[in-house]
Amino acid sequence: MRRPARRIGTLGDVVVLGALAAYAIPFFWQLLTSFKPEAELLRVPPLLPSRLTLEHYRVVIEQSLMPQALGNSLGVATLTTLLALVIGLPGAYAVARLPLPGKRLLLLAIVASTAFPQIATVSPLYLLMRALELRDTWAGLVLVHTSFALPLTIWLLAGFIREVPIETEEAAAVDGAGLLGIFRWVVIPLLAPGLASTALLAFLFSWNEFLFAYTFTVSGASRTVPVALALFPGVFEVPWGDIAAASMLASVPPVLIVIVLQRFLVRGLVAGAVKE
Amino acid sequence: MRASAGRVSRPLRSLLVVWLLALGGCAGGQPESEVVTLVFKYARILGRADPLPALLRSFEAAHPGVRVKGEALPWTSDDQHQFYVINLEGRSPGFDVMMLDCIWVPEFARAGWLTDLTTHLRPDELAPHFPSAVAAATYGGRVWALPWIMNVGLLYYRADLLAKHGLRPPETYEELVDQVRRIRLAERDPALDGYLWQGKQYEGLVVNVLEALWANGARLLAEDGSVFPEPARAADALRFLRGLIETGVSPAWTTAADEELSRRAFGDGHAIFLRNWPYAMELFETADSAVRGKVAVVSLPGRARGERGVGSTGGAHLGVSRRSRHPELAVALARHLASEPAQRAIALGAALSPTRQALYHDPELVRANPEMPRLHAFALAGRPRPVTPYYLLISSTVQPEFSAALVGVKPPERAIADARARLSYFLGAIR
Amino acid sequence: MLLLAPTVLALAALTVYPGVWVLWLSLQHRIPIFDVSRFAGLDNYAFLAGDPRFLNAGRATAIFTVASVALEVVLGLTAALAIHAQRGGRRLALSFLLLAWAMPAVVTAKLFEWLYHPTAGLINVALGARSLNWLGDPGLALPAVVLADVWRTMPFVAILCYARLLAIPAELYEAAQVDGAGRLATLTRITLPMLGRILLVAVLFRTLDALRAFDIMFVLTGGGPAGMTETLTVYAYRALFQTLQLGFGSALSVVVFLLVMAVAWAYLKLLRAGTTVAA
């Protein structure tokens, strides 16, 4: 592996790493804040607290909507991901492999839907949710989230499917496997990393989504994490420490994904951008 | 090929397990029972002790088989309103008793979201409350909410500093500006600000601007429904507020200040004057307060050649959702919370002012806060914001215009003119 | 065909149908609270044409989009080159970047609200006596929001560029070395041209996102002070849900929609033109 920057050496590595660690300071500062005693929050400097406390986490877990919101977000994001994959996988396969009339137009529509601004459909969807009595339910939120996760899913999966050598499918077909069999025994196993990447992105999308969740959720029955955080309660007073603790809880799944499943995340991100 | 699939699975599988466990944990359903549950939406109350849980428990004790679930609202008035508007429109909002900012009651009543309480109440039941609070709860001759918490704009001042420089509390804003100059000149403390108030773009800004308009003889809404009937005086009031910031009487961050930001700066001893609600009074007297024993209150100043100063009234009401499945119980809960013992507990625990006038002369409460009788007079003299179903439409339309004038990106005259043009289009669409 | 049915059905019901409905709504006076529901023709659009708040929101949207996308590209490219030049610790370096990207925008807003706190915020503490009124000053609020957004989304650009850098064949660099090209020449003659296309794609994605940005300013400033950070989407949302002016708000939504589609179309044209030239 020869690179032009070879001579910079270890010192350069340290500088770059240091700079990037500094880049993450807003996150670490909030992390520190979440453990700071209430009385020291607004007295800076000193930057470092005299002691660490779990008090803010206790307040958030015992007195706020956050625990329910975490459950809701987990449920909604999981169901959204599953629904988008179940609907999207066959669709993506068709787009990638089968000769279809009007395929170009369809692809264009899918690309266009990924660029669709949520604000454009929120008012009709609000009336729709109201009419169907789906406000403040998981089902309602999963549906609208899927409508936005689906185009993304198809787009990504179609790309991954094209990477699977068509010869393996043809070989399976010669061996007498039906379309379903090819799917189950050939495409899905080969597609596993791609599926994982796609699922991660769909999950993150739903976990992070705010505009719809803010509009369509009412109570602990369906309120998701970003909304619970944005509407963190208090009269006159801003509970900075509690908000810090709540925002750390809201970041747990994304952070886990970044640390544990980084490879799939990057793959998904890149795949989304480089197709056609 | 299999190898690559296997490599996928390991980290995925471990995360999958964690995630399934978590999912299972939160999907555990609640036990079904015959208990009636009432949902009470309210904004979390801070103070020495939140009195609400105890009040809700005492209601449950008096009504066996009823459970009351308190659910917190977002923390700014505008967010709360948006929350209610999105969720009350249409069916089954899922809550029974609602804490309402008094300015919303006519709007919510007109929209058909509130239960008409008139027939539920004894004829004289609201007599002990402030008349302005009762007026705010009434629309079309019917009562739609119970007065709960009273608010009125006050001028807090540093009694120690004024006494030190031989000054009396100001009666006009001109006097106030002059006193700020003199005290700051003598104190030579660069960290000492003059007059703090709420200039952030939100409902509190409208309150502050209204107080300035009234002191200058201008109104937001005339009886005949026209907006800014005195545009020149209104623009002049805005220019005066902008001037406070430009001349440094009020700090530059006033344009980002809400109640709490300004209250804290004043409480840390960094200002001479502060406009705020009565809740701040008690917070200045806590053991660790930097201004303990140094703060006094007076009614807001007027203008030298204008009206006498008057604080805007505000406060919270309790409404019952028309969609409540247990209207009788919900009304009972609202009455319980607005009762004299409950208002006393709230006044003692959270320093929020009651709407029942007798409590302002109650020995126990006066002992806790000796200013209670004066507060009563201020609240009686206070002036309500326009009582109209379109209040929020009007307020949300003028907020950005007021803000633009205060930060100086728009001349006051144009801000008023733009606000009028927008309002005539929006109100025109309704009428 | 059967494989596509669920997709087409879902998109038709949840995207196309509301998309048509919003057009219809925008032609009405529609305020459910006050029982207002009547045809308004193009009234709402006509009002918007002379609405200073609309023009202001358009200005804020344009500045926000151009400034944040430009900064993201410059910083993202720099970060990608720096990480690519690293010999060790790349995974850790990527983690720091991805951390900022993966969190909900609402969390980012809360992070920066705390950093911008007038007295206790880390930024003002660092500035000491020259502390600034970040979210209250009309001149600073929009830059403050841009900064928060750049922090959150720059990693996206960086990751795309980094991945493309990995794919550049080592032979190209070896050839350049043989030719005696310096570091700068290598960068401008090989690296940057190879990145051109991916940068264009990154700019497309980010521009479309920035044009419809909502979460970050809604939570951080609510559009204030004086509407300096009120983008078209925030304005539309306020009109829609602060007082449920569904007709007027929908007209604003349609404008945002058309804007996004116009920009997407223009970029796709540009991309296609780029492809034919390359081929």
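**Notes on chains B and C**

1. Leu196(B) has Leu274(B) as its bridge partner in β9(B). The two strands concerned, β8(B) and β9 (residues 271-276) of chain B, run parallel and are joined by three bridges. Here helices (H or I, at least four residues) and strands (E, at least two) are DSSP runs numbered from the N terminus, and two strands pair if DSSP finds at least two bridges between them. This is a predicted model, in which local features need pLDDT of at least 70 and side-chain atom pairs count only at pLDDT 80 or more, while totals for chains, interfaces and linings use all residues. Residues are numbered from 1 along each chain as its sequence is written, and chains are lettered from A and ligands numbered from 1 in the order in which they are written.

2. These strands belong to an open, mixed sheet of four strands in chain B, ordered β8-β9-β7-β10. At its edges stand β8 (193-196) and β10 (295-298) of chain B; each has a single partner strand, so one side of each is left without a neighbour in the sheet. From one strand to the next the twist averages 20°, with axes being lines fitted to C-alpha atoms (for helices over the stretch in contact) and angles running from 0 to 180 degrees between N-to-C directions.

3. Chain B also has an open sheet of six strands, in the order β2-β1-β3-β11-β6-β12, again with mixed pairing. Its edge strands, β2 (66-72) and β12 (353-354) of chain B, pair on one side only. Within this sheet, β6(B) and β11 (residues 313-320) of chain B are antiparallel over six bridges, and Leu146(B) has Leu318(B) as its bridge partner in β11(B). Helix α12 (residues 327-338) of chain B lies across β1 (36-42), β2, β3 (97-101), β6 and β11 of chain B, at about 150° to β11(B).

4. Chain B is assigned domain 1 (36-152 + 313-381) and domain 2 (165-311 + 390-430); the bounds come from an automatic or database domain assignment. Their C-alpha centres are 27 Å apart. In the contact between them, 19 residues of domain 1 of chain B meet 14 residues of domain 2 of chain B, where contact means that the C-beta atoms, placed from the backbone, lie within 7 Å. On the domain 1 side, the elements giving two or more residues are α3, α4, β6 (146-152) and α15 (372-381) of chain B. That side has nine nonpolar, seven polar and three charged residues. Ala, Val, Leu, Ile, Met, Phe, Trp, Tyr, Cys and Pro count as nonpolar, Asp, Glu, Lys and Arg as charged, and the others, Gly among them, as polar.

5. How many residues does each of chains B and C give to their contact? Chain B gives 26 residues and chain C gives 26 residues. On the side of chain B, two or more residues come from each of α3 (77-88), α4 (105-110), α16 (391-407) and α17 (412-430) of chain B. The largest share, seven residues, is from α16(B). By class, this side of chain B has 16 nonpolar, five polar and five charged residues.

6. Chain C has twelve helices and two strands. Of its 279 residues, 52% are buried (20 or more other C-beta atoms within 10 Å of the residue's own, placed from the backbone). Among contacts in chain C between residues at least 6 apart in sequence, 69% join residues at least 24 apart. The C-alpha atoms of chain C fill a box of roughly 75 × 65 × 35 Å along the principal axes.

How values were computed. Two residues are in contact if their C-beta atoms, placed from the backbone, lie within 7 Å. A residue is buried if 20 or more other C-beta atoms lie within 10 Å of its own, exposed if 12 or fewer, and partly exposed in between; C-beta atoms are placed from the backbone.
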